[in-house]
Amino acid sequence: AEHGFVVCQGGLPSVAEAAAREAADLYAAGRMQPGATSPGAVYAMPQGYASPVPVSFWHPREEPGSAAGGMALLDAKLLAFGRNLAAALGRISAADGFGDLLPFGRADDGGRLEISQEAQLMVSCFSGSGTRYAPHVDNADGDGRKATDLGRCFALIYYLNEDWQPADGGDFRAYLPQPLSRRLGLPPGTVPAMDVAPSADTLLVFRADKLLHEVRPTRGRQRLAVTLWLSARSTGRDANAEAHSMTGSAAAGPQATAARSLPLYPRDEYGRCVEAALHESPFRPM
């Protein structure tokens, strides 16, 4: 709720090892395909894209009680984690005094986030030799969703790469919005970024629909990861919190409500983020 992301150790080294073997086998068998944003969907790469592209495979969800390999066990763990995360964010009250921190854990209308769809696990491989994924946010406006439907909201990325070294590249990079950069005490006009190395058993969870993010060029070796997207919808403004903010209590007032849209990237700051993100990018700015 405060930062829009969390990075932690998964605590699943044996599961990560088994899943890494399965992912490498999928790649070696040619079962991963480029440009698949959802099962059965393929998008065309932009003309002039100069970088090798990542490939991916959508892992079918195992039936309960079936024999589970490393990938299936990882899928179950990530699903449970994501569901618990959404529930915990929903328990944070706008009356708790978090103020403008809540939009990371709420919809822009102040509503609590409710999981609406759980995607299959996407297994991906960046083959090295400069493979990257250009800066973007998920769920661009204008895709036909209802206002209360956020689409892909939470991304859970779990990395499978033993002994990953800085020289291997492939960091996940998020460009941090203005509210967070202010809390970090960074000077105006700077473009704060967070880099996460794709080391084995590292789990990254973030608001994929809010944070501008990319994968930096991968060099010299395969970069394996699994991603679980959880779509969410808004339950609407919390009537109890709204009533609380109107009572004149000590916690009331602008800092006690999340029922407003916070500009995470104000226009000038967003421009600086995009300019920095597109520097040396294979995408040509338009």
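The questions and answers below concern a predicted model.

Q: How many helices and strands does the chain have?
A: The chain has five helices and twelve strands. Of its 286 residues, 45% count as buried.

Q: Why is the pair of Trp 58 and Trp 229 called tilted?
A: By the rule for rings, the count comes to two aromatic pairs. In one of them, Trp 58 and Trp 229 lie 6.2 Å centre to centre, with 35 degrees between the planes. Rings pair if their centres lie within 6.5 Å, and planes under 30 degrees apart would count as stacked, those over 60 as edge-to-face; the rest are tilted.

Q: Why is the pair of Phe 172 and Phe 206 called tilted?
A: The ring centres of Phe 172 and Phe 206 are 4.9 Å apart and the planes stand at 55 degrees, so the pair is tilted. Phe 172 is in strand β8 (residues 172–175) and Phe 206 in strand β10 (residues 202–207), so the pair ties together parts 34 residues apart in sequence.

Q: How do you know whether Phe 172 and Phe 206 are buried or exposed?
A: Buried means under 20% relative accessible area. Phe 172 has 2% and is therefore buried. Phe 206 has 3% and is therefore buried.

Q: What makes Arg 152 a charge over the ring of Trp 229?
A: The charged end of Arg 152 sits 4.5 Å from the centre of that ring, and the distance limit is 6 Å, with a further condition on the angle to the ring normal. Arg 223 likewise lies over the face of Phe 126, at 4.9 Å from the ring centre.

Q: Which elements do the buried residues of α1 pack against?
A: The buried residues of α1, among them Val 15 and Leu 26, pack against β3, α2 (70–90), β5 (121–126), β7 (149–159) and β12. After α1 comes Gly 30, with a positive phi near 75 degrees.

Conventions
Residues are numbered from 1 along each chain as its sequence is written. This is a predicted model: local features need pLDDT of at least 70, side-chain atom pairs count only at pLDDT 80 or more; totals for chains, interfaces and linings use all residues. Side-chain values use heavy atoms; hydrogens and water are left out. Rings of Phe, Tyr and Trp (its six-membered ring) pair if their centres lie within 6.5 Å; planes under 30 degrees apart count as stacked, over 60 as edge-to-face and the rest as tilted. Helices (H or I, at least four residues) and strands (E, at least two) are DSSP runs, numbered from the N terminus. Buried means under 20% relative accessible area, exposed over 50%, partly exposed in between (1.4 Å probe, protein chains only). A charge sits over a ring if NZ of Lys or CZ of Arg is within 6 Å of the ring centre and within 35 degrees of the ring normal. Contact means heavy atoms within 4.5 Å.
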